[in-house]
Amino acid sequence: MPPRSAGSGKLPRDPVHHPLFARRYARLSKAAETRFGMAGIRARMLTGLSGRVIEIGAGNGLNFSHYPGTVSEVVAIEPERLLRQLAVEAALRSEVPVDVVPGAAEALPVKSEAFDAVVISLVLCSVRDVPRALAEVRRVLRPGGVVRFFEHGEGGGRAMHFTQRALDRTVWPALNGGCHVARDPIGALRDAGFELGPYRRVSIPERGPKLPTSYCVLGTAWRPARTDR
Ligand SMILES: C[S@@+](CC[C@H](N)C(=O)[O-])C[C@H]1O[C@@H](n2cnc3c(N)ncnc32)[C@H](O)[C@@H]1O
């Protein structure tokens, strides 16, 4: 029998519940793989990874087919029910073992220092509490472990900054599954105590007029090996 919330007679609500966004994302994200070169970006983000990996906010599992054979296991955390179902289907097709697990970035349901790498792609824009989510990333990563990220955030000139901030304060998060367009993923990683490795700015789409979501960063960060804060 499925678990019920005490007394209400209803199923407990998922920590993230965006069914309309989930359906739209499942469709658009697949098209973006070829149209916006996202498949190539995912492959670059994951190249050279090895050992145990935790992917946070795995969505419909579009990263899974890009993990190299040197990865022994992926634990894929996804809080949204529909996306999680699609991730389970993608996991069945994956060459590396992927275990899809419900949960949220702010309270990861795994042990401390259990992973060699953490993967976050297009997720820091959507989590409710970025410092708390990154503190969790740090907790679950072994000292010296790596974060691979692909995130969008603030960018462009003054007009674009103004537009991004206005969107974040008004319609954008409600229409896009809690996404924000004016966050600063690099600053957030630094503030959380990660050492920034190589990263580069990427525009999606690469050519043509910029969108509020165009300003992306693709790269690597490390949990410092010895000095724990
Ligand atoms: C734009 S989608 C990106 C999905 C996937 N990472 C990708 O690269 O296609 C954002 C994802 O973050 C998830 N998400 C939102 N809030 C979250 C949270 N608090 N913890 C973990 N994941 C979250 C959403 O359910 C969704 O799967």
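Contact here means heavy atoms within 4.5 Å. The legends below describe close-up views of a predicted model.

**View A. Surroundings of I54 in the predicted model.**
Leaving aside neighbours within four places in sequence, the residues in contact with I54 are V75, I77, L108, V110, F115, A117, V118, V119 and V140. I54 is also among the residues with the most contacts inside the largest nonpolar core.

**View B. The largest nonpolar core, with 28 residues.**
Besides I54, the residues with the most contacts inside this core are I56, L134, V147, F149 and F194. Two or more residues come from each of β1, β2, β4, α4, β5, α7 (185-191) and β7 (215-222). Helix α4 gives the most, with five residues. In soluble globular proteins, nonpolar side chains tend to be buried together.

**View C. A second, separate core.**
This core has 27 residues, including Y67, V74, V119 and V202. V119 is also one of the residues in contact with I54.

**View D. Salt bridge between E73 and R52.**
The two side chains meet with an N to O distance of 2.8 Å. The pair links distant parts of the chain, with E73 in strand β2 (residues 71-77) and R52 in strand β1 (residues 51-56), 21 residues apart.

**View E. Salt bridge between D116 and R142.**
The side chains of D116 and R142 meet at 2.8 Å, N to O. Here too distant parts of the chain are linked: D116 belongs to strand β4 (residues 115-121) and R142 to strand β5 (residues 141-152), and the two are 26 residues apart. D116 is partly exposed, with a relative accessible area of 24%, and R142 is partly exposed at 34%.

**View F. Salt bridge between R139 and E136 within helix α4.**
The N to O distance between these side chains is 2.7 Å. Both residues lie in helix α4 (residues 130-140), three residues apart, about one turn of the helix. Which of the two partners is buried, and which is partly exposed? E136 is buried, because its relative accessible area of 12% falls under the 20% limit. R139, at 25% relative accessibility, counts as partly exposed. Side chains of opposite charge can pair when their charged atoms come close. The count for the model comes to five salt bridges, among them the pairs E73 and R52, D116 and R142, and R139 and E136.

Technical notes: Residues are numbered from 1 along each chain as its sequence is written. This is a predicted model: local features need pLDDT of at least 70, side-chain atom pairs count only at pLDDT 80 or more; totals for chains, interfaces and linings use all residues. Side-chain values use heavy atoms; hydrogens and water are left out. A salt bridge is a side-chain nitrogen of Lys or Arg within 4 Å of a carboxyl oxygen of Asp or Glu. Helices (H or I, at least four residues) and strands (E, at least two) are DSSP runs, numbered from the N terminus. Buried means under 20% relative accessible area, exposed over 50%, partly exposed in between (1.4 Å probe, protein chains only). A nonpolar core is a set of buried Ala, Val, Leu, Ile, Met, Phe, Trp, Tyr and Cys residues joined through side-chain atoms within 4.5 Å.
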